[in-house]
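Here is a short report on one protein chain. Look over the sequence and the structure first, then read on.

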Amino acid sequence: MDWLRENLWVAWLSIAGVLALAELASLDFTLLMLAAGAFTAAGVAAVFPGLLWLQIVVGLVTAAAMLAAIRPMIVRKIHDGKELKTGSAHVIGRTGTVVKEIHPDGGGSIRLGGELWTARPYDDVSTIKPGTRVEVMSIDGATAVVYPISEPVRHELDTHPGLNDPEPGPQPPQSPAQ
């Protein structure tokens with residue numbers, strides 16, 4: 001018992017370690033703040049080994065200050081960020097462009113952030129033309145369920161021969177070559 005009284009800092013350090021490890025299970029940052037209090041009590045015990053009351057007071061004040069001042073800032077920082085979306089859920093709500101006509105029976109595709117996705121319309125009657133901007137409503141397996149948000153973009157259709165040929169009509173008079 002005399003060894004423990006002379007080396008009380010080891011006990012405080014052990015308490016701090018146990019609290020810090022328990023924090024890994026809770027992830028609430030409360031036990032981590034208490035571990036900080038025990039750690040400062042270990043420092044006081046190393047400098048003033050005979051003053052148990054001072055170790056307890058410093059440990060409690062430190063833990064209370066950490067719980068009141070530091071923990072709310074840490075929790076706010078962690079919970080203010082965007083929610084991490086994993087898997088195919090990260091594409092829901094994003095917009096893309098139809099590259100192959102989308103029919104209710106499937107077979108269409110969209111370009112979404114540089115990737116090609118198979119797509120189908122959100123209802124059983126719509127057909128969405130190439131070049132149309134669409135928004136992803138949900139993911140069904142590996143197929144994006146989409147709905148149009150704009151009319152087809154003309155320049156996307158330029159790749160089809162004959163689509164952009166001028167309308168036949170009166171031609172301007174030609175000047176004779178000299």
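## A hairpin to start with

Begin with strands β2 (residues 108–112) and β3 (residues 115–121). They pair in the antiparallel sense, over five bridges. One of the paired positions joins L112 to E115 in β3. Together β2 and β3 form a hairpin, with two residues between them. G113 sits in that turn and has a positive phi of about 60°.

What holds paired strands together? Strands of a sheet pair through backbone hydrogen bonds, either parallel or antiparallel. This model is a predicted one.

## From hairpin to barrel

Five strands close into it, in the order β1-β2-β3-β5-β4. The pairing is mixed. From one strand to the next, the twist averages 55°.

Now look at two other pairs. Strand β3 runs parallel to strand β5 (residues 143–148), and four bridges join them. Here T118 stands opposite T143 in β5. Strand β1 (residues 95–100) and strand β4 (residues 133–140) pair in the antiparallel sense, over three bridges. In this pair, T97 has R133 of β4 as its bridge partner.

## Two packed helices

Which helices pack at an angle of about 145°? They are α3 (residues 30–47) and α4 (residues 52–79), and their axes lie 7 Å apart. Their crossing is right-handed. On the α3 side, the contact includes M33, L34, A36 and G37. On the α4 side, V58, G59, T62 and A63 are among the residues involved. By class, the contact has 13 nonpolar, six polar and one charged residues.

## A stretch named in the record

An unreviewed UniProt entry lists residues 50–70 as "transmembrane region". What does the model show over residues 50–70? The chain there is 90% helix and 0% strand.

## How confident is the prediction?

The mean pLDDT of the chain is 83. Of its residues, 80% reach 70 or more. Where is confidence lowest, and where is it highest? The lowest mean is 74, in helix α1 (residues 2–6), and the highest is 95, in α3.

One stretch calls for a separate look. Over residues 162–172, pLDDT stays under 50. For residues 162–172, the model has five contacts beyond four places in sequence.

Methods. Residues are numbered from 1 along each chain as its sequence is written. This is a predicted model: local features need pLDDT of at least 70, side-chain atom pairs count only at pLDDT 80 or more; totals for chains, interfaces and linings use all residues. Side-chain values use heavy atoms; hydrogens and water are left out. UniProt positions are given in the numbering used here, feature names are shortened, and annotations may be inferred rather than shown by experiment. Axes are lines fitted to C-alpha atoms, for helices over the stretch in contact, and angles run from 0 to 180 degrees between N-to-C directions. A crossing is left-handed if the near helix is turned anticlockwise from the far one by less than a right angle, and right-handed if clockwise. Contact means heavy atoms within 4.5 Å. Ala, Val, Leu, Ile, Met, Phe, Trp, Tyr, Cys and Pro count as nonpolar, Asp, Glu, Lys and Arg as charged, and the others, Gly among them, as polar. pLDDT is the predictor's confidence in each residue, from 0 to 100. Two strands pair if DSSP finds at least two bridges between them.
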